[in-house]
Amino acid sequence: NRDNLVCLPMAGTNIIEEKLAIPYPLWSMGALWTLWKAVKAADIVHLHDYLYWGNLWAFMFAKLQHKPVVITQHIGFIPYNSLFFRTLLSTLNATLGQVILRHTNATVFISEVVQNYFFGSASSVPHSYLIPNGVDGQRFVP
């Protein structure tokens, strides 16, 4: 119901994107306080990808407040040109990503490629689901 939809703008900085060309906004302390209150008011927290700054905080706030968390994981490996960024992302996915995705109430993968990247198969992770993005086959063809 759109009548219940509330959009909360979050103040922060895009310094990482400005300096390194990696889109990763950092939220202000005020924005994090707003997020804490939003999580407190929520029945469930649904995140799209685990690694974003706001999502990491939302996950932690939800766990602290005993709120259920669902993550839709859209991406796995990103083939950055930089060896440093490829290694950093792979390391984060193999450590932090594994921990977070294993501690959700449900993890939804949008493709088998992403699912296999993180876990090899859904059977290795409880409450893991494969729900591919829908594509209109009349409008889009291979």
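Which residues do ring pairs link into a cluster? In this predicted model, local features need pLDDT of at least 70, side-chain atom pairs count only at pLDDT 80 or more, and totals for chains, interfaces and linings use all residues. Residues are numbered from 1 along each chain as its sequence is written, and side-chain values use heavy atoms, with hydrogens and water left out.

The cluster consists of Y50, F109, Y117, F118 and F119, linked by ring pairs. Rings of Phe, Tyr and Trp (its six-membered ring) pair if their centres lie within 6.5 Å; planes under 30 degrees apart are stacked, over 60 edge-to-face, and the rest tilted. This rule gives 10 aromatic pairs. Y50 and F118 form an edge-to-face pair, because their ring centres are 6.3 Å apart and their planes stand at 85 degrees. The pair links distant parts of the chain, 68 residues apart. Y50 sits in the loop between strand 3 (45–48) and helix 3 (53–64), while F118 belongs to helix 5 (residues 112–119). Helices (H or I, at least four residues) and strands (E, at least two) are DSSP runs, numbered from the N terminus.

Accessibility was computed for both partners. Buried means under 20% relative accessible area, exposed over 50%, and partly exposed in between (1.4 Å probe, protein chains only). Y50 is buried, at 1%. F118 is buried too, at 6%. K19, in helix 1 (residues 15–20), is exposed, with a relative accessible area of 64%.

Four strands form an open sheet in the order 3-4-5-6, with parallel pairing. Two strands pair if DSSP finds at least two bridges between them. Strand 3 and strand 6 (128–130) are the edge strands, and each pairs on one side only. From one strand to the next, the twist averages 20 degrees. Axes are lines fitted to C-alpha atoms, for helices over the stretch in contact, and angles run from 0 to 180 degrees between N-to-C directions. Four bridges join strand 3 to strand 4 (residues 69–73) in the parallel sense. L47 has I71 in strand 4 as its bridge partner.

A cavity is a set of points where a 1.4 Å probe fits but cannot get out; a pocket is an open set with protein on both sides within 12 Å along at least five of seven lines; lining residues have an atom within 4 Å of a point. Grid points are joined across faces, edges and corners, and a volume is the space filled by probe spheres set on the points.

The largest pocket has a volume of about 520 Å³. Its lining has 18 residues, with V6, L8, L35, A38 and V39 nearest the centre. Helix 2 (29–41), strand 3 and helix 3 each give two or more residues to this lining. The lining divides into 14 nonpolar, four polar and no charged residues. Ala, Val, Leu, Ile, Met, Phe, Trp, Tyr, Cys and Pro count as nonpolar, Asp, Glu, Lys and Arg as charged, and the others, Gly among them, as polar.

The second largest pocket holds about 370 Å³. I22, Y24, L51, Y80 and L89 lie nearest its centre, among 14 lining residues. Helix 4 (83–102) and helix 1 each give two or more residues. Helix 4 gives the most, with four. This lining has 14 nonpolar, no polar and no charged residues.

The structure holds one cavity of 30 Å³ or more. About 40 Å³ of space lies in the largest cavity. Y50 and F118 are among the residues that line the largest cavity.
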